[in-house]
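Subject: Structure handover

Hello,

Here is the structure I promised to pass on. My notes follow below it.

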Amino acid sequence: MIEYNKIETENAILVGLARNSKLKAGISNSLDELEQLAISADAKVLDRRIQVRNRPDPAFFIGRGLVTELKELLKVNGGNCVIFDDSLAPAQQRNLEKELEAKVIDRAVLILDIFANRARTSAARLQVELAQLEYTLPRLTGAWVHFSRQYGGIGAKGPGETQLEIDRRQVRTKISHLKQRLKKLDVQRQTQRKKRQDQFKVALVGYTNAGKSTLFNRLTKAKVTTADMLFTTLDSTTRVMSSGYPCHVLFSDTVGFIKKLPHQLVESFKSTLEEVKLADLLLHVVDSSDPELTERAEQTRKVLDEIGAQKLPHLLIYNKVDLAPEHPVLEQGGATSFEMSALSGLGMASLQAEIIASSGRYLQTKRALKA
Ligand SMILES: Nc1nc2c(ncn2[C@@H]2O[C@H](COP(=O)(O)OP(=O)(O)OP(=O)(O)O)[C@@H](O)[C@H]2O)c(=O)[nH]1
Ligand SMILES: [Mg+2]
């Protein structure tokens with residue numbers, strides 16, 4: 001992946017749109033998350049604005065009044081970037097950049113940028129690069145190129161530099177090459193998966209930072225990196241356990257989900273997310289101490305829906321109960337739930353007993369089918 005030399009750090013203003021004033025508090029939480037994303041992408045956040053407006057302006061997304069205010073704010077605070085919480089149409093982005101004379105990006109670009117920085121395995125790097133190119137293709141115009149050349153930084157990593165020299169056709173060719181390479185990797189994966197046919201497959205899913213990797217490490221004695229930040233895990237890790245289980249149990253730790261995960265990423269990570277789709281049991285991990293617990297669990301379900309994994313049997317894991325013994329109870333569609341702390345180990349025994357029981361039932365069904 002091509003790395004851009006950072007020309008200057010982004011000093012950014014965050015912008016969110018609330019359809020009505022009742023939704024303002026939710027948008028404010030969303031901007032808190034956007035700020036975390038911005039910080040993860042090495043930007044500095046100077047200020048934020050929420051505009052109440054029942055529909056986005058077709059040309060500028062926000063109203064002209066706010067455009068003028070942002071221009072002034074950028075000037076006064078030495079800002080050079082505006083980050084929108086919602087997806088901008090290519091034309092809105094161009095108009096805003098022209099008017100504000102600053103770089104304009106949206107949540108999707110930030111997420112793509114963080115993924116580009118953190119992807120380690122060749123599959124993850126190819127998948128991110130593909131997603132970036134798919135995102136960039138409709139935005140390849142003189143204006144966009146001009147600003148990314150001028151400012152560098154967020155959104156200019158990965159294929160950013162290439163787009164300066166090449167035209168759409170070349171980007172399309174690159175996309176098709178990447179797809180071919182990913183297809184080859186997919187064939188290798190399929191072969192690996194065939195070998196796992198008799199294993200009981202358990203996949204951990206959930207919003208980013210819920211504690212999936214911490215739980216995965218407890219379940220498998222692995223040492224996957226865990227950290228209090230968004231998207232620590234990008235590449236899936238699997239471990240097979242047999243001791244104490246009636247059959248081999250394959251655990252997979254996967255990439256976390258987030259609100260407005262760019263669809264290009266979901267699309268290009270499909271083969272990684274296949275681990276989830278092919279699981280026999282999902283552990284949906286939620287952070288009990290998260291004030292946005294209900295909404296974020298819903299977002300996870302949406303992504304599961306998008307990848308066709310919504311009907312799989314699942315357990316609901318209220319993690320981090322050490323921080324929030326009193327947490328909201330989710331509508332869980334008949335799923336068994338567990339209260340636990342992956343950090344301290346509280347509640348592990350009952351979860352493990354349930355996985356042992358489920359894998360036992362799986363083994364019985366397999367045997368019955370073979371007989
Ligand atoms: N207090 C407390 N903290 C926890 C618990 N489980 C995880 N954490 C912390 O929460 C943070 C995120 O944990 P991870 O396991 O990295 O979360 P993840 O879901 O894998 O996150 P991503 O890979 O970024 O999507 C880390 O700082 C963990 O130490 C818990 O039960 N209690
Ligand atoms: Mg993780």
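First, a definition: a residue is buried if 20 or more other C-beta atoms lie within 10 Å of its own, exposed if 12 or fewer, and partly exposed in between, with C-beta atoms placed from the backbone. This is a predicted model, where local features need pLDDT of at least 70, side-chain atom pairs count only at pLDDT 80 or more, and totals for chains, interfaces and linings use all residues. Residues are numbered from 1 along each chain as its sequence is written, while chains are lettered from A and ligands numbered from 1 in the order in which they are written.

**Overall**

The protein has 13 helices and ten strands. These are DSSP runs, numbered from the N terminus: helices are H or I with at least four residues, strands are E with at least two. Of its 371 residues, 42% count as buried. The C-alpha trace spans about 70 × 50 × 30 Å along its principal axes.

**The sheet**

One open sheet has four strands in the order β2-β1-β3-β4, with parallel pairing. Its edge strands, β2 (44–52) and β4 (103–106), each pair on one side only. Two strands pair if DSSP finds at least two bridges between them. Strand β3 (residues 81–84) and β4 are joined by four bridges in the parallel sense. Ile 83 has Ile 105 in β4 as its bridge partner.

**Around ligand 1**

The shell around ligand 1 holds 23 residues, and the nearest are Gly 211, Ser 213, Thr 226, Thr 233 and Gly 256. A residue is near a molecule if its C-beta atom, placed from the backbone, lies within 6 Å of it. Helix α9 (residues 212–220) gives the most to this shell, with three residues. By class, the shell has seven nonpolar, twelve polar and four charged residues. Ala, Val, Leu, Ile, Met, Phe, Trp, Tyr, Cys and Pro count as nonpolar; Asp, Glu, Lys and Arg are charged; the others, Gly among them, are polar.

**Two positive phi values**

Most residues other than glycine have a negative phi. Asn 209 has a phi near 75°. Asn 209 lies in the loop between β5 (200–206) and α9. It counts as buried because it has 23 C-beta neighbours inside 10 Å. Lys 221 has a phi near 60°. Lys 221 sits in the loop between α9 and β6 (237–241). It has 10 C-beta neighbours inside 10 Å, so it counts as exposed.

Best wishes
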